[in-house]
Amino acid sequence: MRRILGHVTTGVLVLAIALGGCAQPAPQAPPLSPAAPQPPPPLPAPVKKLQGEIVYGMTSDPVIFNPILATDTPSGFVNSRVYQGLVRYNEKLEFIPYLATEWSFSADGLEWTFKLRNDVFWHDGVKFTAKDVKYTYDAIKHPDYTGIRRTDFRPVERVEIVNDYEIKLILSQPSAPLLSKLGIGIIPEHIYSQYEIGRMREHPANHAPVGTGPYMWGEWQKGQHLVLKANPNYWGEGPWIEKVRVRFLQDEMVMLAALENGDIDYMGSVPIDDLHRVKQQHAHRLFFWEFPSNGYTYIGLKQTHPILKDRRVRQALTYGTNRKELVDEIFKGYGTVINANLPPISWAYCEVGLDPYHYDKARAVSLLEQAGWRRVGPDGIRQNDKGERLSFGLVTAIGNTRMEQALIIIQQYWKEIGVEVKVEFYEWSVLLNQYLDVARFEAYMLSWSLGLDPDPFLFFHSSAGVDAQGNLVGFNDVEYYNPRVDELLELGRTTLDPAERKRIYDEVQRILNDDLPYVFMYTQNLVTAMDRKFEGLVLSPLGPIFPELWYIADPR
Amino acid sequence: MTAYLARRAWQTVPLLLGISLVSFAVIHLAPGDPVGILAERTAPPEEVARVRAVYGLDRPIPVQYWMWLSRAVRGDFGRSYVEGRPVMDMILERLPNTLYLSVVVLLVVYVLAIPAGIVSALKQYSRMDHAVTGLAFWGQAMPSFWFAYLLVFFVALRVDFIPVAGMATYGVTLTTTGWWGVLVDRARYLILPVTVMGFGSMATVTRYMRSSMLEVVRQDYIRTARSKGLAERIVIYKHALGNALLPIVTLLGFELPILFSGSVIIEFIFSWPGVGTLALRAMFQRDYQVVMAFNTVGAVLMVLGHFISDILYLVVDPRIKYIEKG
């Protein structure tokens, strides 16, 4: 749950593959108990044999092959193939067993028991046991741990080994979002315990990982290629593709050229400006898969700001922004307008009872007038009776071209209703250190990249705002404080029944849709291109999953 | 001579110290620090303080500088905050790639630019001169990233022999294809980046060579040489060229630091696995140790470059003597 921005800040990109993700407008919420393993593909049993390679294009080198320390997408890609978590999500984004075989919750929700597979070996031949699971979770909870997973495991009070293949999590309070966090890769105790936790980052295994997954460490020529080899002793079906190779192509346009040239088989996000042409020219060879990103772009409005604390002003800003046109203009239609805090792929996404805020300039103007901004000054900007101008500042990150384009258009829309916004761009760490993480700004525009669980506690709960000492505790940097939302968010965390949770989050979305702590903007769609020679793909709303099941029927 | 060299070497010490001090200060004064990567954004202040303490980031900057310096003089540049590896390893595994590209570019540029400059000077205002001058200015004026894109889309995508980006084909090694196969493979990947980088710097060298040659051929001793009836070839190559090359030779020394920093843009577009991209990422992530090591290597090479320049002067121009007592 961090902010994303263009490929420039690779370091802060989100580990979307291993842990990210969310759901399609699924009819029902996924159950928290293990779902049935997905049925085999209905094809007439094709000849699967271990052969060939799949070449991915990636813009930056991975940083560290340790799932509890990595924060960047390329490392996440490798980690998700080398390491495995207790659970993972399927094509309906439900959690299914991975290293765990089944699990159960005690009646009060405070004791979670996981049975583990007993046929799993680390790539070095050592047997995987409950000790590894305990070691991994304890490491995250250790005071000397330097990484960003601590919050995820806060509800876990302690981890108890029942026997070699059974483990118990004792929680301090029931936590529905916790299951989605258990997708994090388990690291080998027998290797990492050689170093104390405070120095885990220096362990050589971070650069020659030993996991339990379908792929094993191969070789890495920095900046050129990274190769993973099929694990011949993998406990499950597959892998069928002998090698996973990553080619590093830092420039998006050059990566596209490499895709067109046939140098790479897979490009995660084809630049939308070229999409139409590439689709036409390479339809025979490439397969395109469009999927919404699990996140959204928004303009955060400081709730204590003299102008922005008035809900009518916030609503006017939303009515006064033609978000549909913005999506069509900037993303060529590859995006969806959103009106609350969840993207359409989330199972808890709600549309019923939400104001769609269709573009309505007249309504925006009348709301501003109601809020006291009656007079339009000589410069076209509204003033109130005290002669103050309807003007505020907005900060954002430099380097994201689409966001920059969007802001130019938004400034124009708002000028038309008599609102002035002064935009300032900052380098990522400056933006965080001087504005967002100290909660000092009037407004800001950014994107959230979300986890698989819909819980927005850290964004909108009072306790995630600014504490008595003036420190920002969570991500509620706009300082939105609503007792009813607080109550619902607490309930949403402790309720384990998905249908009940859905009702809770529906109400949260309706309140946020009315209160507008943010101007909710849009969620972007990504288009992935992949060579047609790969079969057996399992497509989730977040892109192809289960890479160990993919195979090549006809190696060209 | 030895005494001169020793004195010059000694003079570089305060210079390097100054450079490291200034870069250390600038890097640490810039907003943000590596804690953004080492702890969650939502981490409570005491946790952030703890992480800072683990990495010594809580000490005053002068103390941190002293700690860095005392280890650096012993050759220990620390570990990356992000990757956890020794930073010198990270730089040294990429440095050869940057140097390799730069040296090839340098060779190509000098081999082509020196004759071009000579011809251009000797046939001043001829069609040839105009063509060379025009091309040089064009090369100077054209943005290299734009030229690079043009080559990728209009050459690499059309000519099979020329790859889009990278430095080597995966799987082509001495054991699989033999040295000839490797040589051809590596050469293929050099074509585009060398063209782009060479085109830009060729302009400078050609212009230098041209004006230097023009100046020399107007000298009295050239007139003398001509008047005593020497063949034009001898006049130019024996008497004029040596002197005209002087400024070019010094230019060569200054190229060393440029070679090291390479071209981040070219490395980026052609995905050349050099140090430029590493340094750029380290700066964005505030990976202080990597940035400091990068700056230090750069500073040492710069000092070394100037040093080599001076010595080259000595070699090509017998009139210049570095007398110990000045």
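Why is helix H5 (residues 252-260) of chain A largely enclosed by the rest of the structure? Seven of its nine residues are buried, so the rest of the structure largely encloses H5(A). A residue is buried if 20 or more other C-beta atoms, placed from the backbone, lie within 10 Å of its own. Helices are DSSP runs of H or I with at least four residues, strands are runs of E with at least two, and both are numbered from the N terminus.

The model is predicted: local features need pLDDT of at least 70, side-chain atom pairs count only at pLDDT 80 or more, and totals for chains, interfaces and linings use all residues. Residues are numbered from 1 along each chain as its sequence is written, while chains are lettered from A and ligands numbered from 1 in the order in which they are written.

The buried residues of H5(A) include Val254(A), Met255(A) and Leu256(A). Within chain A, the buried residues of H5(A) pack against strands S2 (51-58), S12 (266-267) and S21 (518-531) and helix H6 (272-281). They also pack against H8 and H13 of chain B. Gly262(A) follows H5(A) and has a positive phi, near 85°.

Chain B has 15 helices and zero strands. Buried residues make up 33% of its 326 residues. Its C-alpha atoms fill a box of roughly 85 × 65 × 40 Å along the principal axes.

The contact between the chains takes 40 residues from chain B and 47 from chain A. Residues are in contact if their C-beta atoms, placed from the backbone, lie within 7 Å. On chain B, the elements giving two or more residues to this side are H2 (35-38), H3 (45-54), H8 (144-156), H13 (264-269) and H14 (275-285).

Methods
Two residues are in contact if their C-beta atoms, placed from the backbone, lie within 7 Å. A residue is buried if 20 or more other C-beta atoms lie within 10 Å of its own, exposed if 12 or fewer, and partly exposed in between; C-beta atoms are placed from the backbone.
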